Amino acid sequence: MGSSTALSLGSLNQTSQFLYPCPQCYSNWKSNSSSLFSSYGNNKRSLTCFSSNKKIGFMDQILDYIEGGPKLRKWYGAPDLLPKDGSLSEENESSEEDEVRDAVLVTDGDNEIGQMVILSLIIKRTRIKAMVKDKRAAMEAFGTYVEPIAGDARDRSMLKKALRGVRAVICPNEGFVSNIESWKGLQHVILLSQLSVYRGSSGVQAIVTANARKQAEQDESLVLASGIPYTIIRTGLLVNAPGGNQGFNFKEGCASQGKLSKEDAAFICVEALDTLPQKGLIVEVVNGEEKVMDWKVCFATLIERSVL
């Protein structure tokens with residue numbers, strides 16, 4: 001393994017923005033259960049990339065930071081972006097009814113966790129579609145690895161277009177489950193829910209999260225009534241902490257009190273794709289002591305436990 005190159009986010013004073021690691025580092029991170037991120041001082045965080053054998057200058061560090069998408073494409077050897085107007089070709093826009101359903105739709109590609117989900121899917125070489133606000137910005141970020149669909153999720157024609165060729169849907173946050181009559185043909189719906197957290201809130205916090213709770217309850221109800229195999233992942237409070245460092249806790253009731261790394265939440269959503277429940281699965285999860293060596297076995301066990 002070559003020498004490492006640390007990209008300091010603290011020096012740019014932009015610690016909250018998600019930075020995409022190279023595929024080699026991300027794969028090493030997940031396979032070795034150790035995070036790419038390490039802390040220095042009080043506010044300074046760095047991303048160490050082990051795929052580089054030489055030191056880079058300060059300007060290259062800035063470019064790595066502000067051009068995460070272009071760097072990601074270069075690591076993969078992907079072609080350049082679309083035309084400057086950000087439009088897709090007619091060939092990509094068109095689709096036949098008998099199109100193979102092999103894509104995964106991420107319902108919010110602008111959301112932080114949604115972007116983490118997309119990155120995990122890229123690592124798995126999955127065909128990805130994502131609903132976004134700005135198609136051009138999405139292409140700048142992800143290149144040809146993601147087919148962005150810009151528009152309102154409540155628009156039936158837009159949703160029908162987004163679901164074309166899709167086998168599974170991942171919903172990384174509330175408010176993007178609608179028009180389930182358009183879901184015909186879907187094989188799996190995965191919903192990331194913080195309903196347990198909202199229900200466990202009290203006092204002022206309960207007032208603040210009232211709308212989010214209502215939306216989460218509505219989303220879960222729609223998924224349950226859809227007739228499509230589903231996996232509802234009820235997490236604890238989602239926090240900005242490095243993923244892959246801690247174990248997990250799947251005990252009933254844990255989500256109302258515990259916490260879960262956003263990185264781990266995104267990773268679990270993607271791993272859930274490989275296990276299709278016959279009808280549905282609702283699972284609570286927070287960071288804990290249990291180490292998961294095989295997620296297929298883990299989800300299979302959770303499904304068996306849910307039907308007992």
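Residue E220 lies in helix α10 (residues 210-225), where helices (H or I, at least four residues) and strands (E, at least two) are DSSP runs numbered from the N terminus. The model is a predicted one, in which local features need pLDDT of at least 70 and side-chain atom pairs count only at pLDDT 80 or more, while totals for chains, interfaces and linings use all residues. Residues are numbered from 1 along each chain as its sequence is written, and side-chain values use heavy atoms, with hydrogens and water left out.

At 3% relative accessibility, E220 counts as buried; the term denotes under 20% relative accessible area, with exposed set at over 50% and partly exposed in between (1.4 Å probe, protein chains only). Contacts, defined by heavy atoms within 4.5 Å, link E220 to L191, S193, L195, I232 and R234, residues up to four places away in sequence not being counted. The C-alpha atoms of E220 and L195 are separated by 8.8 Å, although the two residues are 25 residues apart along the chain. The side chains of E220 and R234 make a polar contact at 2.7 Å. Such a contact is a pair of N or O atoms within 3.5 Å; within protein, one atom must be able to donate a hydrogen and the other to accept it, and residues adjacent in sequence count only if both atoms are side-chain atoms.

At the level of the whole chain, 12 helices and 13 strands are present. Of the 308 residues, 48% count as buried. The chain exposes about 15,900 Å², of which carbon and sulfur atoms supply 48%; accessible areas come from the Shrake-Rupley method with a 1.4 Å probe, and for residues only the protein chains shown count as cover. Among contacts between residues at least 6 apart in sequence, 71% join residues at least 24 apart.

Eight strands form an open sheet of mixed pairing, in the order β6-β5-β4-β7-β8-β9-β13-β11. Strands β6 (146-150) and β11 (247-249) stand at the edges with a single partner strand each, so one side of each is left without a neighbour in the sheet. The twist averages 25° from one strand to the next, with axes taken as lines fitted to C-alpha atoms (for helices over the stretch in contact) and angles running from 0 to 180 degrees between N-to-C directions. Two strands are taken to pair if DSSP finds at least two bridges between them. Strand β5 (residues 127-132) is joined to β6 by five bridges, and the two run parallel; K129 has E147 of β6 as its bridge partner. Four bridges join β4 to β5, again in parallel orientation, and the bridge partner of A103 in β5 is R127. Strand β5 is mostly covered, five of its six residues being buried.

Helix α5 (residues 112-123) touches β4 (103-106), β5, β6, β7 (166-171) and β8 (188-193), and its direction makes about 165° with that of β4. Helix α11 (residues 262-271) touches β7, β8, β9 (230-235), β11 and β13 (280-288), its direction making about 165° with that of β8.

Within helix α11, A265 is buried at 1% relative accessibility. Residue A265 touches L192, L238 and L260, not counting residues up to four places away in sequence. The C-alpha atoms of A265 and V285 are 8.8 Å apart in space, the residues being 20 apart in sequence. Residue V285 is also among the contacts of T235, a residue that touches L192, S193, Q194, V197, A255 and L260 as well, with residues up to four places away in sequence not counted. T235 is found in strand β9 and is buried, with a relative accessible area of 0%.

In the loop between α5 and β5, R125 has a positive phi near 60° in a residue other than glycine. Most residues other than glycine have a negative phi. R125 is exposed, with a relative accessible area of 71%.

In helix α6 (residues 135-142), the buried residues include K135, A138, M139, A141 and F142. These residues cover an arc of only 165° around the axis, which puts them on the same side of α6; the arc is that of the directions from the helix axis to the C-beta atoms. The N-terminal end of α6 is capped by D134, a side-chain oxygen of which lies 3.0 Å from the backbone nitrogen of R136. After α6 comes G143, whose phi is positive, near 65°.
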